[in-house]
Amino acid sequence: MKDFFKHIWDRKGKLIFLLFVSVFTGLVLYTVFDGESSLALRIGISIFLGILEFLSFYQVWREYKGYEGLFDKK
């Protein structure tokens, strides 16, 4: 796992991508949970953003392991 974090730190593009996704997710969640929105909207957006975060980290993990993109082979 230490090598994975070093891999991210050495490649600034991946670091900026993950930071952008995390900040975007945080801002959307802050906006939705700050106002008076329905429970179903909060749950739906939380699930969608959780999947978005997972896929972004999964893509970086696969690139670290030597794969191309999310679903390609080595």
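Mentor: One term before we start: contact means heavy atoms within 4.5 Å. Also, this is a predicted model.

Trainee: OK. What does Arg-62 touch, leaving out residues up to four places away in sequence?
Mentor: Arg-62 touches Tyr-67, Gly-69, Leu-70, Phe-71 and Asp-72.

Trainee: Which helix is Arg-62 in?
Mentor: Arg-62 sits in helix H3.

Trainee: Is Arg-62 buried or exposed?
Mentor: Buried. Its relative accessible area is 10%, and buried means under 20%.

Trainee: Which other residues of H3 are buried?
Mentor: Leu-49, Glu-53, Ser-56 and Val-60 are buried too.

Trainee: And what covers the buried residues of H3?
Mentor: The cover includes H1 and H2.

Trainee: How far apart are the end C-alpha atoms of H3?
Mentor: They are 39 Å apart. H3 has 27 residues, 39-65, and at 1.5 Å a residue they should span 39 Å, so the two agree.

Trainee: What comes just after H3?
Mentor: Gly-66, with a positive phi of about 105 degrees.

Trainee: New topic. At what angle do H1 and H2 pack?
Mentor: About 95 degrees, with their axes 5 Å apart. That makes H1 roughly perpendicular to H2.

Trainee: Which residues make that contact?
Mentor: From H1, His-7, Ile-8, Trp-9 and Asp-10. From H2, Lys-12, Lys-14, Leu-15 and Leu-18.

Trainee: How many of those are nonpolar, polar or charged?
Mentor: Four are nonpolar, one is polar and three are charged.

How values were computed
Residues numbered from 1 in each chain as written. Predicted model: local features only at pLDDT ≥ 70, side-chain atom pairs only at ≥ 80, totals over all residues. Heavy atoms only, no water. Axes fitted to C-alpha atoms, helices over the stretch in contact; angles between N-to-C directions. Helix = DSSP H or I, 4+ residues; strand = E, 2+ residues; numbered from the N terminus. Parallel < 35°, antiparallel > 145°, perpendicular 65-115°, else oblique. Nonpolar A, V, L, I, M, F, W, Y, C, P; charged D, E, K, R; others polar. Expected span 1.5 Å × (residues − 1). Buried < 20%, exposed > 50% of the residue type's maximum accessible area, 1.4 Å probe, protein only.
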